[in-house]
Amino acid sequence: MRVIIKDNYEEISKSAAELVKNRILNKSNLILGLATGSSPLGLYKELVKICENKEITFKKIRTFNLDEYYGLSPDHLQSYRYFMNVNLFNHIDIDKKNTYVPDGLAKDIDKFCNDYEKKIKNTGGIDLQVIGIGGDGHIGFNEPGTSLASRTHLVILDEQTIGDNARFFNSVDEVPKAAITMGVGTVLETKEIILLANGIKKAKIIAQTLEGPVTSMITASSIQLHPKVTVFLDKEAASELKRISYYNFVEKQLAKMAISL
Ligand code: F6R
């Protein structure tokens, strides 16, 4: 696992965008896993810029989002489909038909979830998955206690998550109480993961995730079992890590060896 610590959010967004750009330059039909929330917003802004500058194209890219609120239609202002359109898809040269977000209105939930898994498999699997981390250590919407082998499923959200996400709604009562999410097992099966976190609010959970034991009580800690992970943190989110000087030393040595992202 590489842990890259930068001074601020802008720098982690730029650095993560550099990695995504390099993967797309290596594979023009990359299968990209995406997240919503505030953490990847800067990354998406950078990708829009890079695409506008014609450094990369998304014409052959297919994307799968981690999750969607259950009960929200794609045109609901707080749906994750809407978020993705407004913050990324509307501004890049991607064919929206190649962008998949779980269906928040799926009637046969089990069938939908199985089909989502099959769709991912049929592409050959996700090459690069972008994730954020919730205050309770969730990835996707895999709340504490979710099986580390879980696949795409319906989840009832934790009260902490509902509270955290209330900032996007008029009131906490409006926050959906359920979501469809890729499972932890689905995320672990991707070929590469990048995790983005910023701000002091994430410091404790980041330390537990990266340097604590692997546990289903912090589903993000499962990324310790993944062979190819890069974590992008600002100084605040990194502030409770014990091995900061080692992570910084690694980056210095890699830079000297001209090993880039
Ligand atoms: C969003 C998602 C969530 C968020 C997490 C952090 O698609 O899967 O796990 O990544 O809740 O959210 P922010 O980035 O808003 O702190």
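Which elements do the buried residues of H1 pack against? In this predicted model, they pack against S1, helix H2 (41-52), strand S6 (128-131), S9 and S10. The buried residues of H1 include Ile12, Ala16, Leu19, Val20 and Ile24, but Ser13, Lys21, Asn22 and Arg23 are also among them. Helix H1 covers residues 9-26, and at 1.5 Å a residue its 18 residues should span 26 Å; the end C-alpha atoms are 26 Å apart, so the two values agree.

The largest nonpolar core has 36 residues, of which Leu233 and Leu241 touch the most other members. Two or more residues each come from strand S1 (2-6), helix H4 (109-122), strand S9 (193-197), helix H7 (203-211), strand S10 (229-234) and helix H8 (235-238). H4 gives the largest share, five residues. Leucine 233 touches Ile12 of the chain as well as Val3, Ile5, Ala197, Ile206 and Leu241, among others. A second, separate core of 31 residues includes Leu32, Phe89, Ile92 and Phe232.

The ligand is surrounded by 15 residues, and the closest are Ser39, Asp67, His138, Gly140 and Lys202. A ligand oxygen lies 2.5 Å from an N or O atom in the side chain of serine 39, and a ligand oxygen lies 2.6 Å from an N or O atom in the side chain of lysine 202. Taken alone, the ligand exposes 400 Å², and the protein buries 93% of that.

Technical notes:
Residues numbered from 1 in each chain as written. Predicted model: local features only at pLDDT ≥ 70, side-chain atom pairs only at ≥ 80, totals over all residues. Heavy atoms only, no water. Core = buried A, V, L, I, M, F, W, Y, C linked by side-chain atoms within 4.5 Å. Buried < 20%, exposed > 50% of the residue type's maximum accessible area, 1.4 Å probe, protein only. Helix = DSSP H or I, 4+ residues; strand = E, 2+ residues; numbered from the N terminus. Contact = heavy atoms within 4.5 Å. Expected span 1.5 Å × (residues − 1). Near = heavy atom within 4 Å. Polar contact = N/O pair within 3.5 Å; in protein donor to acceptor, adjacent residues only side chain to side chain. Areas by Shrake-Rupley, 256 points an atom, 1.4 Å probe, with all protein chains shown as cover. Lists of a residue's contacts leave out its neighbours within four places in sequence.
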